[in-house]
There are 2 protein chains.
Amino acid sequence: MNLSERKKHLIVHGEAPYNAEPALDRLRAAFRTDADDFYVRSHGNLPEIDGGSYRLAIRGSVSTPLDLSIADLKARFDIVTVTAVMQCAGNRRYDMQAVAPVSGDPWAPGAIGNADWTGVRLADVLSAAGIDENADLHVAFECHDIVEGEDYPYGASIGLSKAMAPETLLAFAMNGKPLEPEHGFPLRAVVPGFAGVRSPKWLASITVQDQPSANPMQADDYKLFPPDVTEETADPAKGHTIETMPLNAAICEPSPGAKLKVGHNTVRGYAVAGDRNVVRVDVSCDGGRSWSQAQLEAEAKSPFAWTFWSIELDLNPGEHELVARAWDEAGQTQPSQPDDTWNYKGYLMASWHRVRVTAD
Amino acid sequence: MNLSERKKHLIVHGEAPYNAEPALDRLRAAFRTDADDFYVRSHGNLPEIDGGSYRLAIRGSVSTPLDLSIADLKARFDIVTVTAVMQCAGNRRYDMQAVAPVSGDPWAPGAIGNADWTGVRLADVLSAAGIDENADLHVAFECHDIVEGEDYPYGASIGLSKAMAPETLLAFAMNGKPLEPEHGFPLRAVVPGFAGVRSPKWLASITVQDQPSANPMQADDYKLFPPDVTEETADPAKGHTIETMPLNAAICEPSPGAKLKVGHNTVRGYAVAGDRNVVRVDVSCDGGRSWSQAQLEAEAKSPFAWTFWSIELDLNPGEHELVARAWDEAGQTQPSQPDDTWNYKGYLMASWHRVRVTAD
């Protein structure tokens, strides 16, 4: 069964590269998102890699370069599981278009998923290769996929402190099963709390170096700019490299335009806060004039997993604008409108999620 | 020279307990705030402690209870210096009053300071006492000051993970000099990124325990509530315990009501982001309709120190509303208005800082 058939329930933004996301009610049905329901973000081809002959190369500023098979990783290092969200920096981009046009696929709030990632700590592998933990170093990932329309493979990097953090993995399994090809088989990085761009799939090599990756994915793309910067005026060197993802919340049920019954209705969704805990979710049925607090379902007590929430709302006959917003442990909340955070690439859309419904 | 004389340039909110903050131009004059310019937040008396006979007790779930003099701390553990902000959870409370009355002193944006704190890592002391690092434990501080109008000493606690973080200190010096009495002589906790309430002064003992401190400062006060909760309806068990401080920015120069010259004027201030880096500060001279980006002066590259910023603005004749807002590394910014974050105790005021001036 090919990818499109296996994922025929997904909303497809592009076939080549393949980019697709699940419907939100399906996404909200399980705390751990099934691999087949998990959004797929590809920048190029889907590499076909033989897991048996696969080797990961560790190079650069290390005392002992390594070449490791999946069996080597499993034998030499502790195997750990981290429950963490993976999300695209363009998640919810669709809603940013309301301010002004943006480039990139118009993702709904489904470019996100939450899974048990199993693998080895990147820190353990780097320590085995021998690194200077106190140096101002970067850990660059080079991959097997060739970026669409270009002649170079995908690549990105993270700083050494995040690479050495206990949550950062080289993962070979997702929800207890080997990675599916579209999720990075046989090995991917999982950098919890960071945008998906920094968790490359189909890893070929890892290089410890003085500078961030020179790959255009790191050097030019996935940079955040103020609203007055355009594609023509953007200087990548001045943009903020997107890493930690912002506080966000989405209403997964009901869907926009839903016809609901008058009276009690359940509203459900998810909330995330990058590397912080979500401590509160407010829901409004009048466009944000009044709010009630949702119940939080804290199944995995970790800032890197998402928080599911739900609330019973009593709806009068007529149209309603449902709104959700989250609060993080620092007492911060989301902006009401996307105007101030608008950027021409449509990254980090995180203002209040609004869903119009009718009760009759 | 007594405290009030030595600090006669401060704005005094109360003499007993002594609570005072510096003028903002004086605060902005030095990256490391001088002890005499540093805000003072007291909940009770100013203890007079003999440094020579002083002992810190380590008790509770430890294998080896300890009694440590300052000399013991210096001899047995690595001495480290961390540059970090200390700020009151009520910093900028004055501006929250515009929404509705709040309790507590009406702090301007001066209930904050930045210093080099020197001491030993709390982690090292706890490790020497023997703790189970993986347990869900709390580290409770008991102090020598008696809370005003009560018969119990000040106390608060933090979770074990923050207690074991490398930035968390037991500090005996501030900007290279022994702590002044009003800043906690001879020993205080410094918990960078957290509200000042969790960095107690005049430490008497530290207890490792299963539960947060039962002291009313921890159990009842310094909790964050939604706007609909009042003093009468507040259930402390349902409030969010304030720890990490939110993203914030303040204009330190010019002052509110300043008469400026037409043309170029310099606006200066500080920005903080709890445990994150500040990556951008925007300044407006038209109440937030248009923005320019300030220059960041990153003297200490640490998320726990503050970020000084400045910008030259060209002012036309007339009244102007200067506004400042910061952005953190997760792409989050501050709310424009305090309405949504208003709470009856006036904690965590962090909406756009607005200063009205006239140019002619």
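Mentor: Start with a term: two strands pair if DSSP finds at least two bridges between them. This is a predicted model. In chain B, five strands form an open sheet, ordered β16-β23-β22-β18-β19, with mixed pairing. Its edge strands are β16 (259–260) and β19 (292–293) of chain B, each pairing on one side only. β18(B) and β19(B) run antiparallel, joined by two bridges. There, B:D282 stands opposite B:Q293 of β19(B).

Now the contact itself. Chain B contributes 26 residues and chain A contributes 26 residues. Together the two chains bury about 2100 Å², with 48% of that on carbon and sulfur atoms. Three residues stand out on chain B: B:R276, B:Q332 and B:D340 supply 24% of the area it buries against chain A, more than any other three residues.

The rule finds four salt bridges across the interface of chain B and chain A. B:R276 forms a salt bridge with A:D275, and the closest N and O atoms are 2.8 Å apart.

β18 (278–284) and β22 (318–328) of chain B each supply at least two residues of the side that touches chain A. The largest share, three residues, comes from β22(B). By type, that side of chain B divides into 13 nonpolar, six polar and seven charged residues.

Key: Residues numbered from 1 in each chain as written. Chains lettered and ligands numbered in written order. Predicted model: local features only at pLDDT ≥ 70, side-chain atom pairs only at ≥ 80, totals over all residues. Heavy atoms only, no water. Contact = heavy atoms within 4.5 Å. Buried area = accessible area lost by both parts, 1.4 Å probe. Salt bridge = Lys/Arg side-chain N within 4 Å of Asp/Glu carboxyl O. Helix = DSSP H or I, 4+ residues; strand = E, 2+ residues; numbered from the N terminus. Nonpolar A, V, L, I, M, F, W, Y, C, P; charged D, E, K, R; others polar.
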